Amino acid sequence: MMRPEARPTAVAGRFYPGDPSHLRTMIRRMLNKIEVPADEQLAPAYVVPHAGYRFSGPVAATVYARLERFAGKVDRVVILGPSHFARLEGCAGSPAGMWETPLGDLHTVDAPGLPADPVPHQREHSIEVQLPFIQTVLGDVRITPIAVGYTPAEEVADLIDATVADDPRTVVLCSTDFSHFHPDEVARDLDRRTAAAVCELDHERIDSGDACGVFALRGLVAWAARHKYLPRQLALRTSADSYGGNPNRVVGYPAFAVDA
């Protein structure tokens with residue numbers, strides 16, 4: 001029986017396997033394909049995609065294979081994701097004391113001063129799909145789930161600052177896909193421009209149609225610029241790269257490290 005303080009899974013069995021053994025095996029196979037440079041350092045933040053694992057999982061794995069290097073050095077992960085199903089002005093924390101996954105529960109830590117609202121989180125996949133990866137590479141860490149709706153970039157940057165509070169054992173994840181439902185060649189061109197805006201720390205060049213997590217992404221870029229962090233592209237693919245996806249209607253999948 002689900003505990004009343006727990007946020008139950010919404011997309012297990014659809015976006016990723018609901019069976020724990022199958023899920024662990026799938027994640028481990030993706031991680032094992034990633035070569036991490038020997039001199040890789042822990043970044044304060046990363047950008048990860050959030051589609052079904054068979055589509056965006058290999059791109060997400062480029063981030064999580066790096067995080068696995070630093071298991072034991074990360075205590076908390078702040079996850080910023082869009083609200084796909086509920087209209088949201090501003091940002092919303094989760095009132096749940098823990099989030100369930102097929103691999104177990106992850107306990108939550110509130111963002112300071114952030115209102116909690118269960119509605120944006122109930123059906124949302126953008127944060128949930130990150131959790132089995134986090135559990136696999138970092139173990140039983142704490143999470144701060146934040147749904148980001150229409151919010152100015154500097155306000156999101158302020159929220160990240162307040163939540164991280166200069167804690168070197170806290171990592172920020174911005175969960176977003178890039179362009180949606182364009183032909184593959186068009187999507188790759190659009191996504192390259194968005195990636196350039198991220199790497200050049202220019203959040204104003206990221207338009208609303210460039211990423212489904214646009215408000216979180218703009219805020220993360222503004223926060224990185226504030227601290228003089230340097231985004232580094234790890235991967236940039238489309239769903240056409242995954243299992244023969246339709247090349248006429250693709251979604252872009254980015255991965256970045258935001259290096260100190």
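Helices (H or I, at least four residues) and strands (E, at least two) are taken here as DSSP runs, numbered from the N terminus. The structure is a predicted model, in which local features need pLDDT of at least 70 and side-chain atom pairs count only at pLDDT 80 or more, while totals for chains, interfaces and linings use all residues. Residues are numbered from 1 along each chain as its sequence is written, and side-chain values use heavy atoms, with hydrogens and water left out.

H50 is buried, with a relative accessible area of 0%; buried stands for under 20% relative accessible area, exposed for over 50%, and partly exposed for what falls in between (1.4 Å probe, protein chains only). The side chain of H50 makes a polar contact with that of S175, at 2.9 Å. Such a contact is a pair of N or O atoms within 3.5 Å; within protein, one must be able to donate a hydrogen and the other to accept it, and residues adjacent in sequence count only if both atoms are side-chain atoms. Leaving aside neighbours within four places in sequence, the residues in contact with H50 include H84, H125, D177 and C212.

Next comes strand β2 itself, which covers residues 45-48. In a regular strand, side chains alternate between the two faces of the sheet. In β2, A45 and V47 point one way and Y46 and V48 the other, and all are buried. Two strands pair if DSSP finds at least two bridges between them. Four bridges join β2 to β8 (residues 170-175), and these strands run parallel; within β8, L173 is the bridge partner of Y46. Three bridges link β2 with β11 (residues 250-259), this time in an antiparallel arrangement, and there A45 has V258 as its bridge partner.

Leaving aside neighbours within four places in sequence, A224 is in contact with L201, Y229 and V258. The C-alpha atoms of A224 and D259 are separated by 8.7 Å, although the two residues are 35 apart along the chain.

Helix α1 spans residues 20-32 and has 13 residues. From its first C-alpha to its last, α1 reaches 18 Å, close to the 18 Å expected at 1.5 Å a residue, a span calculated as 1.5 Å times one less than the number of residues. The buried residues of α1 are L23, M26, I27, M30 and L31. Seen down the helix axis, they fall within an arc of 130°, so they line one face of α1; the arc is that of the directions from the axis to the C-beta atoms. Their cover includes α2 (53-68) and α4 (130-138). On the face turned away from the buried side, α1 carries the exposed residues R29 and N32. At the start of α1, a side-chain oxygen of D19 comes to within 3.2 Å of the backbone nitrogen of S21.

Stepping back to the whole protein, there are seven helices and eleven strands. Of the 260 residues, 56% count as buried. Among contacts with a separation of 6 or more, 80% come from residues 24 or more positions apart.

How values were computed
Contact means heavy atoms within 4.5 Å.
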